[in-house]
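Hi,

Here is the structure I promised to pass on. Have a look, and my notes follow below.

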Amino acid sequence: MSITVEEPAVEERVDQVTLAITDGLATVTIDRQHVLNAVDGTAQARLNEIWDQLEQDASVRAVVITGAGTRAFCVGADMSASAVDKTGLEYWAGLDPNGFGGLSLRTTLDVPVIARVNGYALGGGMEMVLGADIVVAADSAKFGLTEPRVGRLALDGGIHQLVRRVPYTQAMGMLLTGRKADAAEMQAMGLVNEVVPAEELDAAVQRWVDQILACAPTSVRAVKQMVTQTSHLTATEARGLRLPALMAALDSEDSAEGVRAFQEKRRPVWPGR
């Protein structure tokens with residue numbers, strides 16, 4: 001299994017968001033390269049459809065979200081003249097409960113999401129990064145919640161998530177200026193897991209995928225669900241919450257196989273149930 005994002009020939013370029021599933025790995029690619037993979041209403045709806053589909057597919061064990069081409073992961077909402085048809089108040093009143101790209105505030109997806117950041121991750125694109133679990137970036141990538149520079153706000157979780165994920169002064173230094181930061185700086189803040197040269201990005205993402213796939217599927221789903229569903233609780237309260245994925249993992253064939261494999265000094269073969 002390998003992760004490859006192909007750039008379409010110019011004559012075949014079509015606005016789209018694609019989903020490919022191979023051997024338990026789902027790859028979601030935003031392919032709107034003429035607007036640096038900015039998301040319009042159609043792309044937003046398609047992304048929500050994809051996440052809904054993946055929530056129901058028990059065979060999917062990891063997801064990679066990325067942008068097509070080499071210039072951008074996603075630069076947020078499509079601000080081209082034909083795409084902007086709402087005032088700030090109208091946008092705020094109609095916010096998607098799942099956040100930007102159907103991901104930034106989604107709490108119902110029990111599968112790890114890796115953001116493969118190949119270029120600019122700005123505005124809503126940065127919010128999608130904040131909605132991922134693991135972030136792997138090319139050293140040329142740039143991050144930022146740049147909405148204040150165009151008189152808007154990061155309403156899809158960007159403001160609230162960034163200040164909870166990185167030190168306060170670092171978050172406010174970005175939020176109050178709308179400035180961009182490179183991948184190395186974001187890694188130093190703790191938001192990016194790994195930074196590599198652009199030509200090594202796929203290999204780096206693959207390493208993270210392989211490590212996820214080495215774990216029991218039921219355990220990984222339980223971990224993700226326990227984190228997303230208990231953030232409002234103390235650690236003691238969270239420990240006692242009988243979540244569906246937790247109960248399934250504790251009484252799973254995976255848990256029995258893991259013990260057997262350890263005792264027999266072999267790699268486990270996960271039933272996934």
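One of the sheets is open and has 4 strands in the order 4-6-8-9, with mixed pairing (strands are DSSP E runs of at least two residues and helices H or I runs of at least four, numbered from the N terminus; two strands pair if DSSP finds at least two bridges between them). Its edges are strand 4 (72–74) and strand 9 (181–182), each pairing on one side only. Strand 4 runs parallel to strand 6 (residues 120–122), joined by 2 bridges; there, Ala72 has Tyr120 as its bridge partner.

By the way, this is a predicted model: local features need pLDDT of at least 70 and side-chain atom pairs 80 or more, while totals for chains, interfaces and linings use all residues. Residues are numbered from 1 along each chain as its sequence is written, and side-chain values use heavy atoms, without hydrogens and water. The protein chain averages a pLDDT (the predictor's confidence in each residue, from 0 to 100) of 92, and 93% of the residues score at least 70. Watch residues 6–13, though, where pLDDT stays under 50.

The other open sheet I noted has 6 strands, ordered 1-2-3-5-7-10, again with mixed pairing. Strand 1 (16–22) and strand 10 (194–196) each have a single partner strand, so one side of each lacks a neighbour in the sheet. Strand 1 and strand 2 (residues 25–31) are antiparallel and joined by 7 bridges, with Ile21 opposite Ala26.

In helix 5 (residues 168–175), Ala171, Met174 and Leu175 are buried (under 20% relative accessible area, 1.4 Å probe, protein chains only).

Cheers

Methods
Contact = heavy atoms within 4.5 Å. Buried < 20%, exposed > 50% of the residue type's maximum accessible area, 1.4 Å probe, protein only.
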